[in-house]
Amino acid sequence: MKLIVKKGNASDKSDSNGTQQQSDNQQSDKLAIDEEGNLSPYNPITDMTAEEKALKTQEDVPRSLREIQRVLEERVGLNRSFDLVLREMVFGTKRVGIFFCNGFAKDTVLTDILTRLTYADKEAVSYHTLEAFFEKLIPHIQVKTYKKMSEIVGQVLMGGTAFFIEGEIAAITIDVKNYPVRSIAEPDLERVVRGSRDGFVETLLLNVTLVRRRIRDERLKLEIMQIGKRTKTDVCVSYINDIANADLVKAIKDKIKGVAIDGLPLGEKQLEEAIVNKGWNPYPMVRYSERPDVVSAHLLEGHVCVFVDTSPSVMILPTTFFHHVQHAEEYRQTPFIGTYLRWVRFVGIMASLFLLPLWFMMVMDPSLKPAGLEFLGPQKEGTLPLLVQFLLADIGIDLMRMAAVHTPTPLATAMGLVAAILVGDIAVKAGLFINEVILYLALASIGMFATPSYELGLANRIVRLALLVIVAVFHVPGFVIGSTLWLILLATRKSYNAPYMWPFIPFNAKSFFSILVRRPVLAGKTRLSLTKPIDGTRQPKS
(Lines give C-alpha, C1' and ligand atoms only; values in the text may rest on other atoms or scores of the structure.)
Protein backbone atom coordinates (compact mmCIF):
# COMPACT_ATOMS: atom_id res chain seq x y z
CA MET A 1 0.00 0.00 0.00
CA LYS A 2 1.29 3.45 -0.96
CA LEU A 3 0.19 6.82 0.32
CA ILE A 4 0.73 9.90 -1.83
CA VAL A 5 1.52 13.21 -0.17
CA LYS A 6 2.53 16.62 -1.56
CA LYS A 7 5.53 18.74 -0.88
CA GLY A 8 4.78 22.38 -0.12
CA ASN A 9 3.87 24.89 2.57
CA ALA A 10 0.61 25.90 4.21
CA SER A 11 -0.37 28.18 1.34
CA ASP A 12 -0.74 25.13 -0.88
CA LYS A 13 -3.82 24.03 1.07
CA SER A 14 -5.85 26.91 -0.33
CA ASP A 15 -5.29 25.56 -3.85
CA SER A 16 -6.68 22.11 -3.08
CA ASN A 17 -9.76 22.81 -5.17
CA GLY A 18 -7.77 23.60 -8.31
CA THR A 19 -8.23 21.99 -11.65
CA GLN A 20 -7.12 18.47 -12.56
CA GLN A 21 -4.55 19.92 -14.95
CA GLN A 22 -2.81 21.76 -12.13
CA SER A 23 -2.73 18.54 -10.16
CA ASP A 24 -1.08 16.76 -13.06
CA ASN A 25 1.51 19.50 -13.39
CA GLN A 26 2.43 18.96 -9.75
CA GLN A 27 2.94 15.22 -10.26
CA SER A 28 6.70 15.64 -10.05
CA ASP A 29 6.36 17.26 -6.62
CA LYS A 30 4.58 14.28 -5.09
CA LEU A 31 6.19 11.82 -2.72
CA ALA A 32 5.46 8.13 -2.20
CA ILE A 33 5.35 6.47 1.23
CA ASP A 34 6.00 2.76 0.90
CA GLU A 35 5.02 -0.05 3.28
CA GLU A 36 8.16 0.47 5.40
CA GLY A 37 7.45 4.18 5.86
CA ASN A 38 10.23 5.37 3.58
CA LEU A 39 9.63 8.65 1.76
CA SER A 40 10.86 8.74 -1.84
CA PRO A 41 10.13 10.72 -4.99
CA TYR A 42 7.02 9.54 -6.75
CA ASN A 43 7.86 7.91 -10.09
CA PRO A 44 5.01 6.74 -12.34
CA ILE A 45 7.40 4.36 -14.12
CA THR A 46 7.93 2.30 -10.98
CA ASP A 47 4.25 2.50 -10.02
CA MET A 48 3.40 -0.81 -11.70
CA THR A 49 0.00 -1.76 -13.02
CA ALA A 50 -1.89 -4.76 -11.70
CA GLU A 51 -0.82 -6.78 -14.74
CA GLU A 52 2.84 -5.94 -14.22
CA LYS A 53 2.67 -6.83 -10.54
CA ALA A 54 1.06 -10.16 -11.40
CA LEU A 55 3.79 -10.95 -13.93
CA LYS A 56 6.50 -9.99 -11.46
CA THR A 57 5.26 -12.46 -8.86
CA GLN A 58 4.03 -15.20 -11.19
CA GLU A 59 5.36 -18.63 -10.26
CA ASP A 60 3.80 -20.82 -12.97
CA VAL A 61 5.82 -21.31 -16.14
CA PRO A 62 3.73 -20.10 -19.13
CA ARG A 63 3.38 -22.42 -22.11
CA SER A 64 4.10 -19.66 -24.62
CA LEU A 65 7.59 -18.24 -25.11
CA ARG A 66 6.06 -14.80 -25.65
CA GLU A 67 4.46 -14.96 -22.21
CA ILE A 68 7.70 -16.28 -20.71
CA GLN A 69 9.51 -13.29 -22.17
CA ARG A 70 6.97 -10.89 -20.60
CA VAL A 71 7.40 -12.57 -17.21
CA LEU A 72 11.19 -12.32 -17.45
CA GLU A 73 10.96 -8.68 -18.49
CA GLU A 74 9.04 -7.81 -15.33
CA ARG A 75 10.84 -10.18 -12.93
CA VAL A 76 14.50 -9.71 -13.86
CA GLY A 77 14.53 -6.85 -16.37
CA LEU A 78 15.09 -8.82 -19.56
CA ASN A 79 15.82 -6.45 -22.48
CA ARG A 80 16.82 -3.76 -19.96
CA SER A 81 19.79 -5.53 -18.37
CA PHE A 82 22.27 -6.07 -21.18
CA ASP A 83 23.83 -9.22 -19.67
CA LEU A 84 20.56 -11.20 -19.57
CA VAL A 85 19.86 -13.08 -22.80
CA LEU A 86 16.86 -15.08 -24.04
CA ARG A 87 17.97 -16.90 -27.19
CA GLU A 88 15.24 -18.66 -29.18
CA MET A 89 16.06 -21.69 -31.33
CA VAL A 90 14.20 -24.61 -32.91
CA PHE A 91 15.19 -28.22 -32.18
CA GLY A 92 13.20 -30.93 -33.93
CA THR A 93 10.22 -28.62 -34.62
CA LYS A 94 10.14 -27.53 -30.96
CA ARG A 95 10.85 -23.88 -30.23
CA VAL A 96 13.14 -23.47 -27.22
CA GLY A 97 14.06 -20.31 -25.29
CA ILE A 98 17.56 -20.41 -23.83
CA PHE A 99 17.83 -18.01 -20.88
CA PHE A 100 21.25 -17.25 -19.37
CA CYS A 101 23.46 -14.56 -17.92
CA ASN A 102 26.10 -13.70 -20.47
CA GLY A 103 28.87 -13.19 -17.93
CA PHE A 104 28.41 -16.62 -16.32
CA ALA A 105 27.76 -18.85 -19.34
CA LYS A 106 30.55 -21.24 -20.29
CA ASP A 107 30.55 -20.84 -24.07
CA THR A 108 32.30 -24.06 -25.02
CA VAL A 109 30.02 -26.34 -22.99
CA LEU A 110 26.84 -24.58 -24.13
CA THR A 111 27.99 -24.80 -27.74
CA ASP A 112 28.50 -28.56 -27.42
CA ILE A 113 25.02 -28.95 -25.93
CA LEU A 114 23.41 -26.88 -28.67
CA THR A 115 25.32 -28.82 -31.32
CA ARG A 116 23.88 -32.06 -29.96
CA LEU A 117 20.35 -30.62 -29.88
CA THR A 118 20.52 -29.55 -33.53
CA TYR A 119 20.59 -33.23 -34.50
CA ALA A 120 17.28 -33.92 -32.73
CA ASP A 121 14.60 -35.02 -35.22
CA LYS A 122 10.85 -34.55 -35.08
CA GLU A 123 10.15 -38.03 -33.72
CA ALA A 124 12.56 -37.58 -30.80
CA VAL A 125 10.68 -34.56 -29.42
CA SER A 126 7.09 -35.24 -30.49
CA TYR A 127 6.06 -37.11 -27.34
CA HIS A 128 7.04 -36.36 -23.74
CA THR A 129 9.18 -33.50 -24.95
CA LEU A 130 10.48 -32.39 -21.55
CA GLU A 131 11.53 -35.92 -20.62
CA ALA A 132 13.18 -36.42 -24.00
CA PHE A 133 15.28 -33.28 -23.60
CA PHE A 134 16.15 -34.16 -20.01
CA GLU A 135 16.96 -37.85 -20.42
CA LYS A 136 18.20 -38.19 -24.00
CA LEU A 137 19.14 -34.98 -25.75
CA ILE A 138 21.05 -32.79 -23.28
CA PRO A 139 24.56 -34.26 -22.84
CA HIS A 140 25.44 -32.85 -19.43
CA ILE A 141 25.73 -34.25 -15.91
CA GLN A 142 24.22 -31.39 -13.86
CA VAL A 143 20.69 -31.06 -15.21
CA LYS A 144 17.48 -30.47 -13.26
CA THR A 145 13.87 -29.46 -13.94
CA TYR A 146 11.97 -26.72 -12.11
CA LYS A 147 8.32 -25.70 -12.22
CA LYS A 148 8.53 -22.33 -10.42
CA MET A 149 9.78 -19.16 -12.05
CA SER A 150 11.50 -18.01 -8.85
CA GLU A 151 13.58 -21.21 -8.75
CA ILE A 152 14.44 -20.98 -12.45
CA VAL A 153 15.46 -17.33 -12.24
CA GLY A 154 17.46 -18.07 -9.09
CA GLN A 155 19.42 -20.79 -10.87
CA VAL A 156 20.18 -18.49 -13.81
CA LEU A 157 21.34 -15.66 -11.55
CA MET A 158 23.64 -18.18 -9.87
CA GLY A 159 25.22 -18.87 -13.25
CA GLY A 160 23.11 -21.67 -14.71
CA THR A 161 21.27 -21.79 -18.04
CA ALA A 162 17.52 -22.42 -18.37
CA PHE A 163 15.78 -24.10 -21.32
CA PHE A 164 12.12 -23.09 -21.78
CA ILE A 165 10.30 -25.38 -24.21
CA GLU A 166 7.21 -24.16 -26.02
CA GLY A 167 4.12 -25.87 -24.62
CA GLU A 168 5.78 -27.14 -21.41
CA ILE A 169 4.99 -25.90 -17.89
CA ALA A 170 8.47 -26.60 -16.56
CA ALA A 171 12.01 -25.62 -17.51
CA ILE A 172 15.30 -27.46 -17.61
CA THR A 173 18.30 -25.83 -15.94
CA ILE A 174 21.90 -26.77 -16.71
CA ASP A 175 24.79 -25.94 -14.42
CA VAL A 176 27.31 -24.57 -16.92
CA LYS A 177 28.45 -21.55 -14.95
CA ASN A 178 31.90 -20.11 -15.29
CA TYR A 179 32.68 -17.78 -12.38
CA PRO A 180 35.52 -15.27 -12.63
CA VAL A 181 38.23 -16.65 -10.36
CA ARG A 182 41.84 -15.84 -9.55
CA SER A 183 44.49 -18.53 -9.47
CA ILE A 184 45.20 -20.47 -6.29
CA ALA A 185 48.10 -18.98 -4.32
CA GLU A 186 49.52 -19.02 -0.80
CA PRO A 187 47.68 -16.63 1.58
CA ASP A 188 49.70 -13.54 2.44
CA LEU A 189 48.74 -13.61 6.13
CA GLU A 190 49.50 -17.30 6.73
CA ARG A 191 52.76 -17.99 4.94
CA VAL A 192 54.95 -20.94 5.92
CA VAL A 193 58.55 -21.82 5.10
CA ARG A 194 57.61 -25.40 4.29
CA GLY A 195 54.20 -26.69 3.42
CA SER A 196 51.44 -26.41 0.87
CA ARG A 197 51.14 -23.22 -1.17
CA ASP A 198 47.46 -23.43 -2.01
CA GLY A 199 44.93 -21.12 -0.42
CA PHE A 200 41.24 -20.41 -0.65
CA VAL A 201 39.86 -18.15 -3.37
CA GLU A 202 36.54 -16.35 -3.85
CA THR A 203 34.71 -19.34 -5.37
CA LEU A 204 32.83 -21.55 -2.92
CA LEU A 205 32.96 -24.76 -4.95
CA LEU A 206 36.71 -24.54 -5.40
CA ASN A 207 37.23 -23.90 -1.68
CA VAL A 208 35.26 -26.95 -0.54
CA THR A 209 37.08 -29.03 -3.16
CA LEU A 210 40.42 -28.07 -1.60
CA VAL A 211 39.14 -29.43 1.72
CA ARG A 212 37.67 -32.56 0.10
CA ARG A 213 41.08 -33.27 -1.35
CA ARG A 214 42.53 -33.46 2.17
CA ILE A 215 39.65 -35.21 3.97
CA ARG A 216 38.45 -38.13 1.88
CA ASP A 217 35.92 -39.17 4.47
CA GLU A 218 32.38 -40.08 3.48
CA ARG A 219 31.22 -38.56 6.78
CA LEU A 220 32.42 -35.07 5.83
CA LYS A 221 29.23 -33.07 5.35
CA LEU A 222 28.90 -29.88 3.33
CA GLU A 223 25.44 -28.36 3.80
CA ILE A 224 24.64 -25.32 1.68
CA MET A 225 22.04 -22.59 2.22
CA GLN A 226 21.34 -19.13 0.85
CA ILE A 227 21.41 -16.01 3.02
CA GLY A 228 20.31 -12.51 2.03
CA LYS A 229 17.01 -11.45 0.55
CA ARG A 230 18.69 -9.75 -2.38
CA THR A 231 22.18 -11.22 -2.70
CA LYS A 232 21.14 -14.84 -1.97
CA THR A 233 24.73 -15.57 -0.95
CA ASP A 234 25.70 -19.24 -0.78
CA VAL A 235 26.84 -20.28 2.70
CA CYS A 236 28.22 -23.76 3.36
CA VAL A 237 28.40 -25.35 6.82
CA SER A 238 31.09 -28.03 6.96
CA TYR A 239 31.66 -30.66 9.64
CA ILE A 240 32.51 -34.34 10.09
CA ASN A 241 29.34 -36.14 11.05
CA ASP A 242 30.69 -38.59 13.62
CA ILE A 243 33.14 -36.12 15.23
CA ALA A 244 31.40 -32.75 15.50
CA ASN A 245 28.93 -32.33 18.33
CA ALA A 246 25.37 -32.44 16.96
CA ASP A 247 24.14 -29.66 19.27
CA LEU A 248 26.95 -27.39 18.10
CA VAL A 249 26.16 -28.06 14.44
CA LYS A 250 22.45 -27.44 14.97
CA ALA A 251 23.07 -24.21 16.90
CA ILE A 252 25.28 -22.79 14.14
CA LYS A 253 22.90 -23.80 11.35
CA ASP A 254 19.91 -22.35 13.19
CA LYS A 255 21.78 -19.09 13.74
CA ILE A 256 22.67 -18.83 10.07
CA LYS A 257 19.17 -19.69 8.88
CA GLY A 258 17.72 -17.09 11.23
CA VAL A 259 19.76 -14.24 9.74
CA ALA A 260 17.37 -11.65 8.29
CA ILE A 261 19.36 -9.28 6.08
CA ASP A 262 19.11 -7.93 2.57
CA GLY A 263 22.53 -9.22 1.58
CA LEU A 264 26.10 -10.18 2.44
CA PRO A 265 28.22 -8.23 -0.04
CA LEU A 266 31.15 -8.25 2.42
CA GLY A 267 30.94 -12.00 2.86
CA GLU A 268 32.04 -13.78 6.01
CA LYS A 269 32.57 -10.67 8.14
CA GLN A 270 28.94 -9.57 7.89
CA LEU A 271 27.80 -13.13 8.57
CA GLU A 272 30.01 -13.29 11.66
CA GLU A 273 28.45 -10.12 13.10
CA ALA A 274 25.00 -11.56 12.39
CA ILE A 275 25.52 -14.91 14.12
CA VAL A 276 27.99 -14.01 16.89
CA ASN A 277 26.79 -11.62 19.57
CA LYS A 278 30.01 -9.65 20.08
CA GLY A 279 28.66 -6.24 20.98
CA TRP A 280 31.57 -3.85 21.43
CA ASN A 281 34.06 -6.56 22.40
CA PRO A 282 37.21 -5.93 20.31
CA TYR A 283 38.43 -9.54 20.52
CA PRO A 284 37.59 -11.93 17.67
CA MET A 285 35.07 -14.61 18.57
CA VAL A 286 35.74 -16.71 15.47
CA ARG A 287 38.97 -17.67 13.76
CA TYR A 288 39.54 -16.96 10.08
CA SER A 289 41.83 -19.01 7.91
CA GLU A 290 42.68 -19.00 4.22
CA ARG A 291 44.61 -22.28 4.37
CA PRO A 292 42.85 -25.56 3.47
CA ASP A 293 45.22 -27.58 5.67
CA VAL A 294 44.38 -25.45 8.74
CA VAL A 295 40.64 -25.81 8.12
CA SER A 296 41.00 -29.56 7.61
CA ALA A 297 42.91 -29.91 10.88
CA HIS A 298 40.15 -28.07 12.76
CA LEU A 299 37.46 -30.24 11.15
CA LEU A 300 39.28 -33.31 12.48
CA GLU A 301 39.23 -31.69 15.94
CA GLY A 302 35.42 -31.44 15.87
CA HIS A 303 35.08 -27.79 14.87
CA VAL A 304 32.47 -26.49 12.44
CA CYS A 305 33.73 -24.47 9.48
CA VAL A 306 31.60 -21.98 7.56
CA PHE A 307 32.36 -21.14 3.93
CA VAL A 308 30.84 -18.03 2.34
CA ASP A 309 30.80 -17.56 -1.41
CA THR A 310 32.92 -14.65 -2.74
CA SER A 311 35.14 -14.84 0.37
CA PRO A 312 38.59 -16.47 0.59
CA SER A 313 38.42 -16.72 4.39
CA VAL A 314 36.72 -19.57 6.25
CA MET A 315 35.20 -19.16 9.72
CA ILE A 316 36.15 -21.76 12.34
CA LEU A 317 33.75 -22.25 15.26
CA PRO A 318 34.04 -22.38 18.21
CA THR A 319 37.32 -20.65 18.93
CA THR A 320 39.32 -19.54 21.94
CA PHE A 321 42.01 -16.94 22.64
CA PHE A 322 44.71 -19.59 22.22
CA HIS A 323 43.47 -20.62 18.78
CA HIS A 324 44.49 -17.17 17.58
CA VAL A 325 48.09 -17.49 18.78
CA GLN A 326 48.92 -20.71 16.94
CA HIS A 327 50.38 -20.85 13.45
CA ALA A 328 50.75 -23.58 10.84
CA GLU A 329 54.53 -23.07 10.81
CA GLU A 330 54.75 -24.65 14.29
CA TYR A 331 53.41 -27.92 12.90
CA ARG A 332 55.69 -27.83 9.84
CA GLN A 333 58.80 -28.06 12.07
CA THR A 334 59.97 -30.67 14.57
CA PRO A 335 58.18 -30.68 17.96
CA PHE A 336 61.17 -29.04 19.68
CA ILE A 337 61.53 -26.27 17.08
CA GLY A 338 57.75 -25.87 16.95
CA THR A 339 57.63 -25.40 20.71
CA TYR A 340 60.46 -22.86 20.53
CA LEU A 341 58.68 -20.88 17.81
CA ARG A 342 55.47 -20.97 19.82
CA TRP A 343 57.17 -19.60 22.94
CA VAL A 344 58.86 -16.84 20.95
CA ARG A 345 55.48 -15.90 19.58
CA PHE A 346 53.96 -15.90 23.09
CA VAL A 347 56.72 -13.55 24.28
CA GLY A 348 56.05 -11.23 21.35
CA ILE A 349 52.32 -11.16 22.04
CA MET A 350 52.83 -10.43 25.73
CA ALA A 351 55.33 -7.69 24.82
CA SER A 352 52.81 -6.09 22.49
CA LEU A 353 50.39 -5.92 25.41
CA PHE A 354 52.41 -5.14 28.55
CA LEU A 355 55.88 -3.88 27.58
CA LEU A 356 54.93 -0.22 27.16
CA PRO A 357 52.61 0.02 30.20
CA LEU A 358 55.24 -1.62 32.44
CA TRP A 359 58.04 0.65 31.21
CA PHE A 360 55.80 3.70 31.54
CA MET A 361 54.87 2.68 35.08
CA MET A 362 58.52 2.30 36.12
CA VAL A 363 59.41 5.65 34.57
CA MET A 364 56.65 7.35 36.56
CA ASP A 365 57.72 5.57 39.76
CA PRO A 366 61.50 4.82 39.65
CA SER A 367 61.29 2.87 42.93
CA LEU A 368 59.64 0.03 41.00
CA LYS A 369 62.75 -0.64 38.90
CA PRO A 370 64.37 -3.98 39.76
CA ALA A 371 67.99 -4.11 40.81
CA GLY A 372 70.28 -3.85 37.82
CA LEU A 373 67.69 -2.08 35.66
CA GLU A 374 68.21 1.41 37.01
CA PHE A 375 69.22 2.56 33.51
CA LEU A 376 65.63 2.19 32.31
CA GLY A 377 63.90 5.44 31.63
CA PRO A 378 64.66 8.52 29.56
CA GLN A 379 67.84 10.48 30.23
CA LYS A 380 66.08 13.62 29.04
CA GLU A 381 62.44 14.41 28.52
CA GLY A 382 60.96 15.37 25.19
CA THR A 383 58.87 18.38 24.40
CA LEU A 384 55.68 16.33 24.66
CA PRO A 385 54.57 14.29 27.71
CA LEU A 386 55.36 10.57 27.52
CA LEU A 387 51.71 9.56 27.26
CA VAL A 388 51.16 11.91 24.33
CA GLN A 389 54.29 10.55 22.67
CA PHE A 390 53.01 7.00 23.01
CA LEU A 391 49.58 7.86 21.64
CA LEU A 392 50.92 9.88 18.71
CA ALA A 393 53.53 7.26 17.82
CA ASP A 394 50.98 4.43 18.02
CA ILE A 395 48.54 6.29 15.82
CA GLY A 396 51.41 7.10 13.47
CA ILE A 397 52.22 3.40 13.08
CA ASP A 398 48.58 2.71 12.25
CA LEU A 399 48.69 5.48 9.65
CA MET A 400 51.82 3.97 8.11
CA ARG A 401 50.22 0.53 8.05
CA MET A 402 47.10 1.84 6.32
CA ALA A 403 49.22 3.88 3.92
CA ALA A 404 51.20 0.74 3.05
CA VAL A 405 47.96 -1.12 2.27
CA HIS A 406 46.74 1.63 -0.06
CA THR A 407 50.13 2.34 -1.65
CA PRO A 408 50.94 0.60 -4.96
CA THR A 409 53.53 -2.15 -4.52
CA PRO A 410 56.36 -0.42 -6.44
CA LEU A 411 55.99 2.62 -4.16
CA ALA A 412 55.50 0.80 -0.83
CA THR A 413 59.24 0.51 -0.10
CA ALA A 414 59.80 4.21 -0.76
CA MET A 415 56.83 5.10 1.45
CA GLY A 416 58.22 2.95 4.28
CA LEU A 417 61.61 4.63 4.06
CA VAL A 418 60.06 8.09 4.13
CA ALA A 419 57.84 7.24 7.09
CA ALA A 420 60.41 5.34 9.17
CA ILE A 421 63.57 7.33 8.51
CA LEU A 422 62.47 10.85 7.77
CA VAL A 423 59.45 11.18 10.05
CA GLY A 424 60.82 9.10 12.96
CA ASP A 425 64.37 10.38 12.88
CA ILE A 426 63.42 14.03 12.42
CA ALA A 427 60.78 13.80 15.19
CA VAL A 428 63.46 12.55 17.62
CA LYS A 429 66.00 15.17 16.56
CA ALA A 430 63.40 17.91 16.88
CA GLY A 431 62.80 16.86 20.48
CA LEU A 432 59.17 15.84 20.01
CA PHE A 433 59.95 12.19 20.85
CA ILE A 434 62.66 10.42 22.83
CA ASN A 435 64.60 7.44 21.55
CA GLU A 436 63.30 4.99 24.15
CA VAL A 437 59.68 5.64 23.22
CA ILE A 438 60.45 4.80 19.60
CA LEU A 439 62.45 1.72 20.65
CA TYR A 440 59.85 0.17 22.94
CA LEU A 441 57.00 1.04 20.62
CA ALA A 442 58.86 -0.68 17.79
CA LEU A 443 59.29 -3.81 19.94
CA ALA A 444 55.61 -3.79 20.83
CA SER A 445 54.68 -3.35 17.17
CA ILE A 446 56.89 -6.28 16.19
CA GLY A 447 55.04 -8.39 18.75
CA MET A 448 51.73 -7.28 17.27
CA PHE A 449 52.83 -8.18 13.74
CA ALA A 450 54.09 -11.55 15.02
CA THR A 451 50.56 -12.36 16.20
CA PRO A 452 49.16 -14.93 13.73
CA SER A 453 45.64 -13.52 13.94
CA TYR A 454 45.38 -10.05 12.43
CA GLU A 455 42.17 -9.38 14.39
CA LEU A 456 43.78 -10.40 17.70
CA GLY A 457 46.75 -8.11 17.05
CA LEU A 458 44.46 -5.11 16.54
CA ALA A 459 42.48 -5.94 19.69
CA ASN A 460 45.69 -6.19 21.73
CA ARG A 461 46.74 -2.76 20.45
CA ILE A 462 43.49 -1.23 21.75
CA VAL A 463 44.06 -2.87 25.14
CA ARG A 464 47.64 -1.55 25.23
CA LEU A 465 46.47 2.01 24.60
CA ALA A 466 43.83 1.65 27.33
CA LEU A 467 46.45 0.37 29.80
CA LEU A 468 48.73 3.30 29.01
CA VAL A 469 45.96 5.79 29.76
CA ILE A 470 44.99 4.00 32.98
CA VAL A 471 48.63 3.83 34.14
CA ALA A 472 49.04 7.56 33.43
CA VAL A 473 46.02 8.35 35.61
CA PHE A 474 46.18 5.76 38.42
CA HIS A 475 49.80 4.51 38.28
CA VAL A 476 50.36 1.02 39.77
CA PRO A 477 46.75 0.43 40.94
CA GLY A 478 45.62 1.39 37.45
CA PHE A 479 47.86 -1.24 35.84
CA VAL A 480 46.70 -3.94 38.27
CA ILE A 481 43.01 -3.07 37.93
CA GLY A 482 43.25 -2.66 34.14
CA SER A 483 45.00 -6.00 33.65
CA THR A 484 42.48 -7.72 35.93
CA LEU A 485 39.52 -6.25 34.06
CA TRP A 486 41.09 -7.34 30.78
CA LEU A 487 41.43 -10.91 32.02
CA ILE A 488 37.89 -10.93 33.44
CA LEU A 489 36.54 -9.62 30.11
CA LEU A 490 38.15 -12.47 28.22
CA ALA A 491 37.29 -15.09 30.85
CA THR A 492 33.58 -14.23 30.72
CA ARG A 493 33.36 -14.40 26.90
CA LYS A 494 32.04 -17.50 25.16
CA SER A 495 32.08 -18.67 21.58
CA TYR A 496 29.07 -20.97 21.16
CA ASN A 497 29.23 -22.12 24.78
CA ALA A 498 33.01 -22.59 24.59
CA PRO A 499 34.90 -20.52 27.22
CA TYR A 500 37.12 -18.04 25.43
CA MET A 501 40.10 -18.52 27.77
CA TRP A 502 39.89 -22.34 27.82
CA PRO A 503 42.01 -24.29 28.84
CA PHE A 504 43.44 -21.61 31.14
CA ILE A 505 40.02 -20.63 32.55
CA PRO A 506 38.50 -23.10 33.35
CA PHE A 507 41.80 -24.84 33.86
CA ASN A 508 42.45 -28.10 32.02
CA ALA A 509 45.99 -29.30 32.74
CA LYS A 510 46.30 -31.74 29.83
CA SER A 511 44.94 -29.36 27.25
CA PHE A 512 46.90 -26.41 28.64
CA PHE A 513 50.10 -28.43 28.31
CA SER A 514 49.27 -29.08 24.64
CA ILE A 515 48.93 -25.31 24.20
CA LEU A 516 52.34 -24.61 25.75
CA VAL A 517 54.17 -27.47 24.04
CA ARG A 518 53.82 -28.63 20.45
CA ARG A 519 53.61 -32.37 21.03
CA PRO A 520 54.53 -35.02 18.43
CA VAL A 521 51.68 -36.11 16.17
CA LEU A 522 51.39 -39.63 17.57
CA ALA A 523 51.41 -38.31 21.14
CA GLY A 524 47.98 -36.77 20.67
CA LYS A 525 45.72 -39.78 21.08
CA THR A 526 42.53 -37.85 21.91
CA ARG A 527 40.86 -34.74 20.57
CA LEU A 528 40.49 -31.57 22.60
CA SER A 529 37.41 -31.64 24.83
CA LEU A 530 36.50 -28.05 23.91
CA THR A 531 34.19 -29.08 21.05
CA LYS A 532 32.78 -32.09 22.95
CA PRO A 533 33.43 -34.42 19.99
CA ILE A 534 31.37 -37.56 19.52
CA ASP A 535 34.46 -39.57 18.59
CA GLY A 536 37.24 -38.32 20.84
CA THR A 537 39.89 -40.83 19.73
CA ARG A 538 42.48 -39.67 17.23
CA GLN A 539 44.33 -42.95 16.81
CA PRO A 540 42.11 -45.52 15.04
CA LYS A 541 41.94 -48.91 16.66
CA SER A 542 43.61 -51.62 14.60
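**Notebook: sheet and cores**

I note that the model I am reading is a predicted one.

I then examined the pairing around this position. E4 and strand E5, residues 94-101, run antiparallel and are joined by eight bridges.

Next I traced the sheet to which these strands belong. I recorded an open sheet of five strands, paired antiparallel, in the order E4-E5-E7-E8-E6. Strand E4 (84-91) and strand E6 (143-146) are the edge strands, and each of them pairs on one side only. From one strand to the next, the twist averages 25°.

I went on to the helices that lie across the sheet. Helix H4, residues 107-117, lies across E4, E5, strand E7 (161-165) and strand E8 (171-174), and I noted its angle to E7 as about 20°. Helix H7, residues 149-157, lies across E4, E5, E6, E7 and E8, and runs at about 140° to E7.

I turned to the nonpolar cores. Which residues have the most contacts inside the largest core? I found Ile256, Leu271 and Tyr283, in a core of 64 residues.

I looked up Leu271 in more detail. Leaving aside neighbours within four places in sequence, Leu271 is in contact with Val235, Ile256, Val259, Leu264, Val306, Val308 and Met315. I also recorded a second, separate core of 22 residues, which includes Leu110, Val125, Ile138 and Ile165.

Key. Residues numbered from 1 in each chain as written. Predicted model: local features only at pLDDT ≥ 70, side-chain atom pairs only at ≥ 80, totals over all residues. Heavy atoms only, no water. Pairing = 2+ DSSP bridges. Helix = DSSP H or I, 4+ residues; strand = E, 2+ residues; numbered from the N terminus. Axes fitted to C-alpha atoms, helices over the stretch in contact; angles between N-to-C directions. Contact = heavy atoms within 4.5 Å. Core = buried A, V, L, I, M, F, W, Y, C linked by side-chain atoms within 4.5 Å. Buried < 20%, exposed > 50% of the residue type's maximum accessible area, 1.4 Å probe, protein only.
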